[in-house]
Amino acid sequence: MITSSGPRGVHWFLKGVRGIVSLPAIILMSAFVGFCGFAVEAGIPLGQTVFMTGMIWALPAKVLLVGSILAGASLPAAFITVSLSSIRLMPMVAALIPEIRTEKTPTWLLLLLSHFIAITAYVFTMERIRDVPREHRVAFFAGFGITVTTANIILVAVIYSTVANLPSMLAGALFFLTPVYFLTSIWASTRERAGHIAMIFGLALGPVFHQVAPEFDILYAGVVGGTLAFLADRLWKSGAGS
Amino acid sequence: MIGYATFDAWWWPYVFIAIAGWLATDIWRWLGVLVGNRLKQDSAALTWVRAVATALLAAVIAKLILYPTGELKNVPMALRLIAVSIGFAAFLLGGKRIWIGIATALSVLIGGQLLFG
């Protein structure tokens, strides 16, 4: 099923599978414990919570969907809320695809595998993909993405009935783990200066746009911050090069 | 307007989740694949797309810390900011090792609550 067929392809697929015992995967699972607690509190039944985990996969989108359900939002309103928060997936996927595909990778396979892209899979893949031979990168990503998604579906199903008893200080720490992990791992995996500048701009602009346009804050901060970082990097380069 | 609780059928919430959740997220992933398929490695366009993706993630990080959901809301904002700052400094000083940053930030967050809570 994966383009890099043969024993080497299987080998790299299994290497991706092994990513389930990596720091990013473990942190994501902790975050899913936190989400599961939120869903239980909101009164979402077990079956629907599991369904959401597999079908949406991106954690912020799920939190927003549960929030919309709690608020009694209509279907179009919930759709728009989740859509707006998920636009960020587009540049992430667009940045990841050129890293993993080869000339021969069929588009339908990438469309299928793109479902497994969310922040953790993006960070994990960007951090490690340089060490994977190009023809096996799709297999490596598929191994990781499919395994981590499946593991979290099972995790949510298993802990659903016990998660409400979590001590509050521990639950708070679980919600804190995700941003600290993203901050350090994205910084560590960013190789170009433009990326570091973009990170600083994004951190600063996120809260600013939250005051101005809370519905679109992430989107504005990303487009404005990313573009400014790109231009600043260009200026810097041309200044240093001349 | 049609909402989550409009129909009593067992399957309706699943349809609601599929439309407002699955479709609303995967549309953007599919568009990302179509755009990413046209981007050349090492092109300026890819650098820009990557910068936008990174800035988006950074904004998500800032929001998760400043406007948290769940139990983290009960931790004072000042403590959250101090914990993430000290954690990030430890990460940089510790040779960019992620686990050092995380362990430090969590210790400060929990230690601070035990001391002042």
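Predicted model: local features only at pLDDT ≥ 70, side-chain atom pairs only at ≥ 80, totals over all residues.
**View 1. The meeting of chain B and chain A.** Here we look at the contact between the two chains, which takes 70 residues from chain B and 84 residues from chain A. On the chain B side, the elements that give two or more residues are helix H1 (12–36), H2, H3 and H4. H2(B) gives the most to this side, with 21 residues. Sorted by class, the side of chain B that touches chain A has 49 nonpolar, 15 polar and 6 charged residues.

**View 2. The largest nonpolar core.** This core has 114 residues. Its largest share, 15 residues, comes from helix H2 (residues 44–66) of chain B. Chain A takes part too: the core draws at least three residues from each of domain 1 (6–189) and domain 2 (192–242) of that chain.

**View 3. The surroundings of Leu65(A).** Neighbours within four places in sequence are left aside here, and Leu65(A) is then in contact with Met52(A), Ile56(A), Ala78(A) and Val82(A) in chain A. From chain B, the residues in contact with Leu65(A) are Ile17(B), Ala20(B) and Gly21(B).

**View 4. Two domains of chain A.** The domain assignment of chain A gives domain 1 (6–189) and domain 2 (192–242). Their C-alpha centres lie 25 Å apart. The contact between them takes 6 residues from domain 1 and 6 residues from domain 2. On the domain 1 side, helix H5 (75–86) and helix H10 (168–189) of chain A are the elements that give two or more residues. The residues of that side divide into 4 nonpolar, 1 polar and 1 charged.

**View 5. Trp57(A), a loop residue with positive phi.** Most residues other than glycine have a negative phi. Trp57(A) has a positive value, near 70°. You will find Trp57(A) in the loop between helix H3 (46–55) and helix H4 (59–70) of chain A. Trp57(A) counts as buried because 26 C-beta neighbours lie inside 10 Å, and the cut-off for buried is 20 or more.

**View 6. Lys96(B), a positive phi in chain B.** Lys96(B) is not a glycine, yet its phi is positive at about 55°. Its place is the loop between helix H3 (77–93) and helix H4 (98–116) of chain B. With 14 C-beta neighbours inside 10 Å, Lys96(B) counts as partly exposed.

Definitions and conventions: Residues numbered from 1 in each chain as written. Chains lettered and ligands numbered in written order. Helix = DSSP H or I, 4+ residues; strand = E, 2+ residues; numbered from the N terminus. Buried ≥ 20, exposed ≤ 12 C-beta atoms within 10 Å, placed from the backbone. Core = buried A, V, L, I, M, F, W, Y, C linked by C-beta atoms within 7 Å. Domains from an automatic or database assignment. Contact = placed C-beta atoms within 7 Å. Nonpolar A, V, L, I, M, F, W, Y, C, P; charged D, E, K, R; others polar.
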